[in-house]
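Here's a quick briefing to read with the model open beside you. Take a look at the fold, then work through the points below.

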Amino acid sequence: MSPNKLPRHKAVVIAILHSADRLRRQATEMLAPHDITLQQFNVLRILRGARPDGLCTLTIAERMIEETPGVTRLIDRLEKKGLVRRVRSAEDRRQVWCRITPAGERLLARLDDPVEAFDRAAVHGLSPADQDHLTALLGQLHGEPI
């Protein structure tokens, strides 16, 4: 094997990690003017999808794209920005539900078009069939459909 040629499995892992890092950096740059992080954006999208009831912190953590031990801190920061509010359950006072606020919904509405354009640009070099195939392959890598 030539010194410049990586084993196939290493090349695949490096390509995945490089692509993920590139997308993460670009998305972070896109969100920065809106004063939210990629993880905060993810929480807001999750909560928008859970309207009107909202979700408890544990369920939000389970739905995150990236695992994070600090979901409570993420919610704290979003609450301070007025984008999320917490509501204690009437049935079980130990349970706290998180809901997106109207300000959070307005922020996501402003981001919908830029995020859609970002997502399309990220895969512009792949045909629809290639996109489906890549999604299926990546799902196989971690044993669940995406």
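Let's start with a helix pair: helix 1 and helix 5 cross in a right-handed way, where right-handed means that the near helix is turned clockwise from the far one by less than a right angle, and left-handed means anticlockwise. Keep in mind that this is a predicted model, where local features need pLDDT of at least 70, side-chain atom pairs count only at pLDDT 80 or more, and totals for chains, interfaces and linings use all residues. Residues are numbered from 1 along each chain as its sequence is written, and side-chain values use heavy atoms, with hydrogens and water left out.

**Helix packing**

- Helix 1 and helix 5 (residues 102-122) pack with their axes 11 Å apart, at an angle of about 160 degrees; axes are lines fitted to C-alpha atoms, for helices over the stretch in contact, and angles run from 0 to 180 degrees between N-to-C directions.
- Helices here are DSSP runs of H or I with at least four residues, strands are runs of E with at least two, and both are numbered from the N terminus.
- R22 is found in helix 1, and its C-alpha sits 9.7 Å from that of A122, although R22 and A122 are 100 residues apart in sequence.
- R22 counts as partly exposed, at 41% relative accessibility; buried means under 20% relative accessible area, exposed over 50%, and partly exposed in between (1.4 Å probe, protein chains only).

**Salt bridges**

- The count comes to eight salt bridges, each being a side-chain nitrogen of Lys or Arg within 4 Å of a carboxyl oxygen of Asp or Glu.
- D21 and R25 form one of them, at 2.8 Å from N to O, and both lie in helix 1, four residues apart, or about one turn of the helix.
- Both ends of that pair are partly exposed: D21 at 34% and R25 at 49%.
- D35 and K81 also meet in a salt bridge, at 3.9 Å from N to O. D35 lies in the loop between helix 1 and helix 2 (38-49) and K81 in the loop between helix 4 (71-80) and strand 2 (84-88), so this pair ties together parts that are 46 residues apart in sequence.
- K81 is partly exposed at 34% relative accessibility.
- D76 and R86 pair up at 2.7 Å, N to O.
- D76, E79 and R86 are linked in a network of salt bridges.

- Most residues other than glycine have a negative phi, and most peptide bonds are trans.
- D35 has a positive phi, near 60 degrees, and isn't a glycine; D35 is also exposed, at 54% relative accessible area.
- The peptide bond from R51 to P52 is cis, with omega near -5 degrees, and P52 is in the loop between helix 2 and strand 1 (55-56).

**Nonpolar surface patch**

- V12, I16 and L141 make a nonpolar surface patch of about 260 Å².
- Patches are made of residues with over 30% relative accessible area and no salt bridge, with like charges joined within 9 Å and nonpolar side chains (Val, Leu, Ile, Met, Phe, Trp, Tyr) within 5 Å.
- Accessible areas come from the Shrake-Rupley method with a 1.4 Å probe, and for residues only the protein chains shown count as cover.
- I16 is found in helix 1 (residues 8-31) and is partly exposed at 34%.
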